[in-house]
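Take a look at the fold below.

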Amino acid sequence: MVGAPEFIVILVVLYALECFVKLGPQDLVFQARLTSRYRLQKPCLYPGNGNWGWLFLNPFRPTSMAFCSPQATFVLAEDGVLVRQSGELVFIHYKDCAEVLSRGGQIQIGLHYRFSPPAFEDALRSARDIAALAALNPAERRLWINAKIEKSLNGGLLQDRIDAFWSATRKLRTVASANCVGAFLLFPISVWFAGLRAAIIPAAIIAIVLSAATAALSARVWDQFYGDRPSAEKWMLIGKMVLYPVSALRPIEPLSLPLLIEWHPVALAHHLCDRLRARRFIGTILAGLLYDNAAGEAGQPASTTLLKYCAIEIAALTRFLENNGLGIEELTRPPEPSNSSCKTYCPKCMVQYVYLSGFCADCGHIALRPLKDCGSDRTTQPKRR
Ligand SMILES: [Zn+2]
């Protein structure tokens with residue numbers, strides 16, 4: 001027979017488990033910070049690789065928001081679609097995109113290409129977009145791509161969406177807070193004074209009522225914000241809250257995770273992160289883009305297509321950064337050595353290395369460049385043994 005202390009420990013452990021969110025290897029995470037409603041603590045570009053895809057959310061703020069933005073599997077460019085598949089860039093010309101289907105979370109282009117994007121919704125949206133682009137001519141495609149990038153950088157719309165979500169979830173947050181107070185304050189107090197046997201039945205009834213209310217309110221918020229997403233996702237979330245009341249203690253985080261997936265990571269970082277972290281993050285994204293743009297070899301269809309896409313994205317980002325008082329040179333200059341043992345850095349992902357030369361472990365074929373002062377170090381001073 002489980003006693004009162006054990007029962008409460010089990011409840012706390014189950015609650016802590018609810019703070020783990022599983023992420024795909026491609027997901028970009030914006031985690032809510034302790035002291036604020038939805039400002040972000042840190043943008044985490046690759047929280048997971050093949051081995052690690054879990055994020056621990058703040059257990060003390062059950063009503064905070066957390067955003068996740070899957071990195072697009074598909075680059076929809078002017079001449080065709082580029083797909084990253086295990087490090088390789090696959091090019092599919094739009095003339096081969098006459099038939100685009102999405103089924104079971106997969107997307108099939110013509111007879112030959114079948115891909116699994118990180119999210120079901122990503123497959124649906126990409127299939128819609130690829131079909132729309134295949135019907136246009138190159139000039140119209142350029143306009144379409146530019147408009148899409150511009151929209152994803154619109155900070156005003158981003159703030160409106162966050163504010164709308166925050167006001168739409170007012171009742172839900174009240175119920176979730178009441179639920180937490182009941183579970184972690186009132187329930188232990190009544191167990192202390194009345195004993196587990198007397199307290200458990202009324203506590204269970206209250207928990208079921210609050211979970212049902214949370215589920216009903218969550219369904220309404222889902223319909224308002226994610227009406228175009230597959231309804232299976234909604235029913236999985238709602239069903240979990242009804243059948244497993246512990247999950248109803250934290251309804252805001254799962255509801256807010258997909259809220260900003262249509263925004264560009266640069267806009268998210270600029271508007272939602274603190275200044276220093278945002279700058280570092282935007283610098284890394286820009287360095288990657290500029291590197292791809294400079295290193296692409298024209299001639300190969302995939303490289304030419306990527307170059308054209310990078311040019312549109314860089315132009316849009318440059319306008320965005322200028323409008324927001326950020327200089328592109330300042331953001332992308334070589335990093336300061338993080339400590340004296342760092343000698344080189346990767347020009348694409350900006351990670352620093354202690355080796356004097358070599359290739360970036362994350363980016364593969366990219367040669368490391370010397371950090372400031374290290375170049376002269378190497379020539380004027382013999383290496384000490
Ligand atoms: Zn790298």
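This is a predicted model: local features need pLDDT of at least 70, side-chain atom pairs count only at pLDDT 80 or more; totals for chains, interfaces and linings use all residues.

Residues are numbered from 1 along each chain as its sequence is written. Helices (H or I, at least four residues) and strands (E, at least two) are DSSP runs, numbered from the N terminus. Axes are lines fitted to C-alpha atoms, for helices over the stretch in contact, and angles run from 0 to 180 degrees between N-to-C directions.

The three strands form an open sheet in the order 6-7-8, with antiparallel pairing. Strands pair if DSSP finds at least two bridges between them. Strand 6 (74-76) and strand 8 (88-93) are at the edges, each with a single partner strand, so one side of each lacks a neighbour in the sheet. Six bridges join strand 7 (residues 80-85) to strand 8. Gly80 stands opposite His93 in strand 8.

Now the helix pair. Helix 5 (residues 170-194) and helix 6 (residues 196-226) pack at about 175°, their axes 10 Å apart. They are therefore roughly antiparallel (an angle over 145 degrees).

Last, the cores. A nonpolar core joins buried Ala, Val, Leu, Ile, Met, Phe, Trp, Tyr and Cys residues through C-beta atoms within 7 Å. Buried means 20 or more other C-beta atoms within 10 Å of a residue's own, with C-beta atoms placed from the backbone. The largest core has 45 residues; Phe67, Leu260, Val266, Ala267, Leu268, Ala269 and Ile282 touch the most other members. A second, separate core of 22 residues includes Leu306 and Cys310.

Terms used:
Angles under 35 degrees count as roughly parallel, over 145 as roughly antiparallel, 65 to 115 as roughly perpendicular and the rest as oblique. A residue is buried if 20 or more other C-beta atoms lie within 10 Å of its own, exposed if 12 or fewer, and partly exposed in between; C-beta atoms are placed from the backbone.
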